[in-house]
Amino acid sequence: MSVRHLLGVRRLDTIQIQELIEVSAEFRRRMKAGEALPQFPGKVAGLLFFEGSTRTRVSFERAAFALGIQVTNFTGQGSSMAKGETLRDTILTLRQELLDTIVVRHPSCGSPQLVADFFRRPVINAGDGEHEHPTQALGDALTILLRKGRIQGLTVAIVGDVMHSRVARSNAWLLSKLGAKVRFVGPNTLLPSNCALLPGEPYFKLSEGLEGADVVMCLRLQKERMAQGLLSSIGEYRRLYQVNERTLRPAAKDVIVMHPGPINRGVELDDATADGPRSVILDQVESAVYTRAAVLFWALGGDPDAVLDGATSVFEEAEA
Ligand code: CP
């Protein structure tokens, strides 16, 4: 069996995506029913986070716990990387220390591929620079399915700082592969210049981008990745692009509002909407626990067919 890495969703086909979401949904059912998930005794996962994280790191830990996988946490700080050791030598060291899988978040695009090249055991991308965040997109798809009943044919407006967002890229690839129509909405300084290479249509006016949208996915303004001068001011951005009860009026009546977190409250999203009935932001956090368990299970050689034997399909259930 070839090594099962999850480095991005762009490389996955629709069947693989659906299978991971089906396993996530079945794990959700089992965890809510208090049933055990398949166990991996003796397996150890390294969680390598070279950028801050709350949701992703903790949910991978929680998912590993549910699967009987032990975790060891590693950040650059306090390690020999602080003395100048390279990422390559760090990964070769961790391989020799008998880790079974590595989950990696890193500010540089493509670094999970480098980790995979040297580790040669399963590597899971937990977010690399502006490139991809595949487990976020898988969890978001599960959240949409659970709330809207389908993904095929939905209009999904991804609003804000698309240029710096790995969440936007992974969601655009994944949701379009599942049949959604994706829009990118924001000022042209925050939409990638190569937008045409992504599976979505650009919109520069919020009201036009939200017209008829079934799902509005807000993005965090990533000031830490932003060059100077991309925005005139936060106040102007708020006035033109904030998602709130007023600006949501052109959207579908049953629109849901998503945000990967952390939220700049009062900037890309107002409090009333973030905490209101259309918001599924906390559902996204929970879904990600199940999808990260599904991805760890798959990466460590678990058999999806064995899990799904007799299970109800979340896609068919949604259509029924
Ligand atoms: N959505 C997300 O990746 O959140 P964290 O940075 O808290 O992990």
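Predicted model: local features only at pLDDT ≥ 70, side-chain atom pairs only at ≥ 80, totals over all residues.

Colleague: Which residue stands opposite I124 of β4?

Modeller: The residue opposite I124 is V103.

Colleague: In what order do the four strands of the open sheet lie?

Modeller: The order is β2-β1-β3-β4, with parallel pairing. At the edges are β2 (70–74) and β4 (123–128), each of which pairs on one side only. From one strand to the next, the twist averages 15 degrees.

Colleague: Which strands does helix α3 lie across?

Modeller: Helix α3, residues 87–96, lies across β1 (44–49), β2 and β3, and runs at about 160 degrees to β3. Helix α4, residues 111–119, lies across β3 and β4, with an angle of about 160 degrees to β4.

Colleague: Let us turn to the loop residue. Where does D270 lie, and is D270 buried or exposed?

Modeller: D270 is in the loop that links β9 (256–258) and α9 (271–274). A residue counts as buried under 20% relative accessible area; D270 has 19%, and is therefore buried.

Colleague: Which residues does D270 touch, leaving aside those up to four places away in sequence?

Modeller: D270 touches Q242, V243, N244 and E245. As for V243, 27 residues separate it from D270 in sequence, while their C-alpha atoms are 6.8 Å apart in space.

Definitions and conventions. Residues numbered from 1 in each chain as written. Heavy atoms only, no water. Helix = DSSP H or I, 4+ residues; strand = E, 2+ residues; numbered from the N terminus. Buried < 20%, exposed > 50% of the residue type's maximum accessible area, 1.4 Å probe, protein only. Contact = heavy atoms within 4.5 Å. Pairing = 2+ DSSP bridges. Axes fitted to C-alpha atoms, helices over the stretch in contact; angles between N-to-C directions.
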